[in-house]
Amino acid sequence: MMEPRFHLRSASMKTLLPSILAASVWLCSSAAWAQYDPQCASKAQYAQDGQQCDRERTQHFDKILNQSYQALMKQQTQAGKNRLRSMQRAWMHERDEACHAQVAQAAVGAGVVGDACLADYTEDRATAMRQWLQQGKRF
């Protein structure tokens with residue numbers, strides 16, 4: 001009879017199993033699969049609720065932003081792709097600088113401020129990208 005290749009008693013499986021279980025629990029949790037609710041912030045009762053709303057909003061609009069960016073890239077000439085890529089990198093730098101500055105100025109609730117800033121910037125950029133895509137904009 002052959003021995004099983006992996007034993008739960010082996011050191012690697014003993015250290016790996018808790019990580020696998022934790023990842024499984026996280027993936028099955030409602031937070032991992034949360035859907036964006038535009039009314040979420042108005043329903044929030046506590047700061048951490050509002051912060052979770054901002055994270056969900058960021059994820060939602062980040063998907064739209066990425067999809068729109070990829071579609072816009074397909075419509076561009078090589079020079080247009082280079083310009084759009086450069087514009088997007090400049091926007092990401094601006095977003096990061098602005099949000100870091102807001103967090104640095106926050107005496108209390110820096111995490112809340114940072115998440116709100118990222119959500120606002122991402123929503124604004126996703127909206128602009130979607131409009132550019134609908135307009136067939138060339139760069």
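**Figure 1. A disulfide joins C99 and C117 in this predicted model.** The sulfur atoms of the two cysteines lie 2.0 Å apart. The bridge links distant parts of the chain, with C99 placed in helix 4 (residues 78-105) and C117 in helix 5 (residues 110-135). The disulfide is left-handed, because the torsion about its S-S bond is about -90°. C99 has a relative accessibility of 5% and therefore counts as buried, the limit being under 20%. C117, at 3% relative accessibility, also counts as buried. The count for the structure comes to 1 disulfide. In general, such a link is a covalent bond between the sulfur atoms of two cysteines.

**Figure 2. The chain is built from helices.** The secondary structure comprises 5 helices and 0 strands. Read from the N terminus, the order of elements is α-α-α-α-α. The chain has 139 residues, of which 24% are buried. Among contacts with a separation of 6 or more, 62% are between residues 24 or more positions apart. The chain exposes about 10000 Å², and carbon and sulfur atoms supply 56% of this area.

**Figure 3. L72 and the residues around it.** Which residues does L72 contact, once its neighbours within four places in sequence are left aside? The partners are L84, M129, W132, L133, K137 and F139.

**Figure 4. W132 and F139 form an aromatic pair.** The structure holds 1 aromatic pair. In general, a pair of aromatic rings is described by the distance of the centres and the angle of the planes. For W132 and F139, the centres are 5.3 Å apart and the planes stand at 75° to each other. The arrangement is edge-to-face, because the angle of 75° is over 60 degrees. Both W132 and F139 are buried. Each of these two residues is also in contact with L72.

**Figure 5. T122 is a buried residue of helix 5.** The relative accessibility of T122 is 4%, so this residue counts as buried. Apart from neighbours within four places in sequence, T122 is in contact with T58, F61, D62, L65 and W91.

**Figure 6. D115 is a further buried residue of helix 5.** Is D115 buried or exposed? D115 has a relative accessible area of 15% and is therefore buried, as this value is under 20%. When residues up to four places away in sequence are not counted, D115 touches Q51, D54, R55 and T58. T58 is also a contact of T122.

Notes
Residues numbered from 1 in each chain as written. Predicted model: local features only at pLDDT ≥ 70, side-chain atom pairs only at ≥ 80, totals over all residues. Heavy atoms only, no water. Disulfide = S-S within 2.5 Å. Helix = DSSP H or I, 4+ residues; strand = E, 2+ residues; numbered from the N terminus. Buried < 20%, exposed > 50% of the residue type's maximum accessible area, 1.4 Å probe, protein only. Phe/Tyr/Trp six-rings, centres within 6.5 Å; stacked < 30°, edge-to-face > 60°. Contact = heavy atoms within 4.5 Å. Areas by Shrake-Rupley, 256 points an atom, 1.4 Å probe, with all protein chains shown as cover.
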